[in-house]
Amino acid sequence: MPDTFFTQAPHWQWWIIFYFFIGGIGGGSYAIAAMLHLFGEPEDRPISRLGYYIALPAIIISGILLTLDLTRPERFWHMLVQSNTWTPAFKYWSPMSVGSWGITFFGLFAFLSTVGALAETRRLPWRGLAALNQGLLGNVINVLGALFGFFVAGYTGVLLSVTNRPLWADTWLLGLLFLVSGFSTAAALLYLAGRRRAHPESLRWLSQMDTWALILELIVLALVVVSVGSVVAREVLFNMWGVLLLVGVVLVGILIPLLLHWRPRLLGPASPVGAAALVLVGGFILRVVMLLSSEAV
């Protein structure tokens, strides 16, 4: 039996599950928004701006949830600043330190893009701020923000992989799984939030992207189960958590949405809406299973 079974669980609270879910959506939303900003058509701009509007509050909420989970929440700033020298406390060997700085920089770029988008649509009186989302400056901000968005979406899985617990430390694919899931849930939320005002072609592109993300998520999930080995899979997933993974994630969160994408006449106009809602449900259940199944051992 792997030595991961003889380590103490970190006993993370539900705050962390919600952080994993919301953070993945935030990172994925910004990355999708940046893709549309850099390579999309003018009619894609409403969805692109919506991606910024989702990313900023998502990363703020994520930071609050992480702070609440700390033993001493009032000392959260110690993750970023040395208390004795007031210099940046960046520790490249510490996943927590790297993650804290990644989240901070992502929040900065999400803020800049949101301000630029608000100025672009005249919701802010300072029209000059629209430059944050236009031209060369806007492109640079979007590229850097997208890189940090990728990081935030996948970092949660990497954080689990470096924690010496059953399932988490037994595969290196959790980061990729959470990254792909972040994209699928972000595309689903963008579709639901923008379906009444976005251009039909933008919505069609989101549905196509969600389809491919779900296919990739299913493949990566299968590889995760295979890569952890039979002993770990049997001890961790051959129980109620495995049933929840199979039914809640694979069936409800992936296969049924794929069916609705491929056969939209099944529910008529409600098919894409239903598919997006189920993707969000499956994405949340995925994080519940991945965290609590290992915690329960």
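1. Helices (H or I, at least four residues) and strands (E, at least two) are DSSP runs, numbered from the N terminus. Leu259 lies in helix H8. The model is a predicted one, in which local features need pLDDT of at least 70, side-chain atom pairs count only at pLDDT 80 or more, and totals for chains, interfaces and linings use all residues. Residues are numbered from 1 along each chain as its sequence is written, and side-chain values use heavy atoms, with hydrogens and water left out.

2. Overall content. The protein has 9 helices and 0 strands, and along the sequence its pattern reads α-α-α-α-α-α-α-α-α. Taking contacts (heavy atoms within 4.5 Å) between residues at least 6 apart in sequence, 74% join residues at least 24 apart.

3. Nonpolar core. A nonpolar core is a set of buried Ala, Val, Leu, Ile, Met, Phe, Trp, Tyr and Cys residues joined through side-chain atoms within 4.5 Å. The largest one has 78 residues, of which Tyr30, Ile32, Leu177 and Met290 touch the most other members. Helix H1 (residues 14-39) gives this core its largest share, 12 residues. At least three residues come from each of domain 1 (10-163) and domain 2 (167-296); these bounds come from an automatic or database domain assignment. Not counting residues up to four places away in sequence, Leu177 touches Glu217, Val220, Leu221, Val224, Leu286 and Met290.

4. H5 has 21 residues and reaches 30 Å from its first C-alpha to its last, close to the 30 Å expected at 1.5 Å a residue; the expected span is 1.5 Å times one less than the number of residues. Since 18 of its 21 residues are buried, H5 is largely enclosed by the rest of the structure. Ser181 lies in this helix (residues 174-194) and is buried, at a relative accessible area of 0%. Its side chain makes a polar contact of 2.8 Å with that of Arg287. A polar contact is a pair of N or O atoms within 3.5 Å; within protein, one must be able to donate a hydrogen and the other to accept it, and residues adjacent in sequence count only if both atoms are side-chain atoms. Leaving aside neighbours within four places in sequence, Ser181 is in contact with Glu217, Gly283, Leu286 and Arg287.

5. Helix H4. For the 27 residues of H4 (residues 135-161), 1.5 Å a residue gives a span of 39 Å, and the end C-alpha atoms are 39 Å apart, which agrees. H4 also bends by about 45° at Tyr155, where the bend is the angle between axes fitted to the seven residues ending there and the seven starting there.

6. Arg122. This residue is found in the loop between helix H3 (95-120) and H4. Most residues other than glycine have a negative phi. Arg122 is exposed, with a relative accessible area of 64%.

7. Asn239 lies in the loop between helix H7 (229-237) and helix H8 (240-262) and is partly exposed at 29% relative accessibility. The side chain of Asn239 reaches the backbone nitrogen of Trp241 at 2.9 Å. Asn239 and Ser293, 54 residues apart in sequence, are 9.1 Å apart in space, C-alpha to C-alpha. Leu259 is partly exposed, with a relative accessible area of 42%. The C-alpha atoms of Leu259 and Ser271 are separated by 9.3 Å, with the two residues 12 apart along the chain.

Methods: Buried < 20%, exposed > 50% of the residue type's maximum accessible area, 1.4 Å probe, protein only.
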